[in-house]
Amino acid sequence: MRTVRMLATAALTGAALLGLAGPAALADSPSATPDPSAGSGSGPTEAGTTFRTAARFLPGQQATAQAATGDYLYWVFPADTGQRPTVRATVTLPDAALRHGPATWRIDVYDGLRRRQPCMYGMQSRTAPKEAATVELACVLRPVRASADAWANDPLPGSYYVRLTVTGLPEEDLGQPFTARIGVDTVDKGGAYATDGSLGAPLVPGATTADQAEADEEAGRRTAVEAAAPEDGWSSGWWSDRWLWTAAGGILAALAGIGGYVLTRGTGRPPRVPPAV
Amino acid sequence: MATGACALLAALSVALLPTGAAADEPAKESPKVELVLDVSGSMRAKDIDGKSRMAAAKQAFNEVLDAVPEEVRLGIRTLGADYPGQDRKRGCKDTRQLYPVGPLDRTEAKTAVATLAPTGWTPIGPALLGAADDLGDDGATKRIVLITDGEDTCAPLDPCQVAREIAAKGIHLVIDTLGLVPDAKTRQQLTCIAEATGGTYTSIHRTEDLSRRVRQLVDRAADPVVTPVATEGAVRCDKAPQLKPGLYTDRESFGEHRWYRVDLLPGQELRASVSVSADRAVNDDYGVLLRAVTLHGREIVRGSEAGDGRTDVISTGLRYPKPDLDDGPGDAKPAAESVCLQVSNSFSAPPSVKTTPGMPIELTVDVVDGPSTASDVASFGLGRGWWLLGALVLVGFLAGLVWGWLSRWRVAVWRTH
């Protein structure tokens with residue numbers, strides 16, 4: 001009977017501890033990262049036309065652009081360790097009366113090294129029938145890791161480029177005006193993807209060595225890494241909910257140890273020992 | 001609103017630029033734009049909002065001239081404005097500078113535009129050459145905005161080839177084309193010109209579209225962009241040019257290999273990316289390969305990408321963290337390693353397409369501090385998940401039991417003695 005009570009207590013204590021760690025530990029549930037900028041400021045109203053001129057926006061913002069079909073539009077946004085970005089684009093097509101057939105639209109996402117990033121889910125490319133007014137595109141990237149070996153193209157913290165363009169359309173439909181709206185939501189994937197190691201600098205074009213960055217700062221120049229940072233800066237990457245899981249595990253083990261120990265003691269003295277020596 | 005967004009964009013794009021190559025350059029020269037307007041006879045056609053194409057163009061020009069950002073030096077060139085005759089030779093030389101590239105006097109420019117009347121031929125090629133001359137070859141970013149309603153009537157000078165050759169001069173010039181109510185041939189020619197220089201093509205059916213688009217293009221020119229440094233890769237690594245961190249351009253023909261070299265100290269990481277632009281009609285499947293190779297020819301790491309269908313560029317990149325030296329001489333500066341970068345592409349083109357000059361490639365080179373190496377897959381080797389908790393609880397419980405039995409046994413032994 002006693003045993004059962006002890007075990008129950010241990011289990012309850014463990015549950016309580018886990019309850020404390022809960023919000024962080026169960027971060028797999030899709031809760032968007034809190035982003036103070038959401039709604040407070042809208043994104044750029046123009047898009048770039050090359051990697052170099054890509055228009056920057058932050059997760060939570062909506063970037064818009066007006067362009068002609070056939071243009072290649074570029075945007076860039078920051079993504080940090082542990083986040084899983086979802087890019088969503090809406091293209092408002094040219095007047096259906098001006099169009100001659102279906103058009104295929106496509107978004108591609110590239111990392112700071114201009115390496116194409118695959119989409120886990122989402123319609124990255126879609127063909128709009130002639131009568132359609134809009135096309136919705138989406139791309140869910142893989143969760144961003146703190147580090148990867150040099151031979152992998154795992155997503156790393158840094159800049160991410162989005163390119164929007166039409167890949168297939170009747171030739172006479174080139175050059176007609178359309179508008180695009182693009183936004184990025186990030187989901188925090190918690191510690192499940194917390195890898196060891198970290199980059200010397202985020203994958204941002206123009207990143208320099210620490211010495212050079214220091215010299216730049218002293219000269220009053222903003223470094224590329226700083227300029228490309230998310231709203232609250234790049235995370236240092238040492239924190240993950242693995243600390244909580246490991247700590248909780250340690251405490252539970254200690255409690256279970258005490259439980260096991262107490263179990264062997266039984267009530268009072270061992271029966272073989274005489275009552276009074 | 002538009003200017004605000006522009007200023008924001010400008011600030012952002014400046015901030016995003018690689019500092020390495022830009023740092024050595026002198027103060028930025030203000031950007032230059034030349035508007036090239038077709039004043040050929042066909043501009044009389046009344047099919048834009050019920051007005052003639054010429055009237056639409058004039059109205060758009062007035063609106064654009066009012067909205068030109070301060071820092072932009074703007075010029076205007078016409079084609080087909082003066083010679084009404086039938087002599088093809090003379091008609092094909094008919095292009096002149098209407099307003100010189102420089103600080104803009106709005107009234108003067110507007111007056112000059114107002115005098116134009118649809119007249120002659122459509123010598124697009126010569127006009128583009130003239131415009132490129134007008135813009136000069138200084139370090140400023142340059143943009144030609146070509147507004148026309150018909151294809152070039154002055155063969156054999158192919159304006160598309162002219163555009164590609166202008167772009168190949170490496171004077172950072174982009175040509176945007178606007179077709180007024182274009183037919184199939186015009187569209188083909190204008191898209192080809194735009195594609196050859198990394199510009200855009202727009203077809204115009206309404207006056208408001210025309211003025212908005214031209215304004216947008218002029219504003220785009222005003223966005224300061226770092227101008228890449230021209231370099232020329234070699235056919236072998238030992239002859240390759242030495243690159244410092246920065247942004248570079250080069251040209252690479254179909255199937256050609258280009259080599260560059262970068263010095264890297266132990267404990268530093270090399271980041272390189274390359275974009276090859278498809279600036280002409282190419283076959284549907286293509287690819288790019290960027291390899292980092294040691295001086296002795298050992299491949300360290302590669303980045304590759306392949307694609308199909310319509311595209312502007314194809315890009316890839318690589319990282320090479322050079323491990324830190326563990327036991328070197330303490331105070332001696334470690335020697336830098338020369339890393340060779342090889343850029344190759346697998347573009348191909350139909351036989352009708354010219355292969356020279358090569359396709360533009362853009363190469364970025366960054367050197368950063370090396371990463372802190374991972375000693376474990378997981379962050380700091382920490383654990384996570386219910387299996388971990390279960391295992392820890394089980395082990396803890398067993399340890400408690402054993403400890404308890406041991407101590408009971410010891411007590412019992414002690415008591416009996």
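How far apart do the C-alpha centres of domain 1 of chain B and domain 2 of chain B lie?

1. They lie 36 Å apart. Domain 1 covers residues 27–222 of chain B and domain 2 covers 229–369, with bounds from an automatic or database domain assignment.

2. This is a predicted model, in which local features need pLDDT of at least 70 and side-chain atom pairs count only at pLDDT 80 or more, while totals for chains, interfaces and linings use all residues. Residues are numbered from 1 along each chain as its sequence is written, and chains are lettered from A and ligands numbered from 1 in the order in which they are written.

3. The contact between the domains of chain B takes 8 residues from domain 1 and 8 residues from domain 2 (two residues are in contact if their C-beta atoms, placed from the backbone, lie within 7 Å). On the domain 1 side, helix 7 (159–168) of chain B gives the largest share, 4 residues. Helices here are DSSP runs of H or I, at least four residues, and strands are runs of E, at least two, numbered from the N terminus.

4. Chain B has an open, mixed sheet of 6 strands in the order 3-2-1-4-5-6; strands pair if DSSP finds at least two bridges between them. Its edges are strand 3 (95–102) and strand 6 (201–204) of chain B. Strand 1 (residues 32–38) and strand 4 (residues 142–148) of chain B are parallel, over 6 bridges, and Glu34(B) has Ile144(B) as its bridge partner in strand 4.
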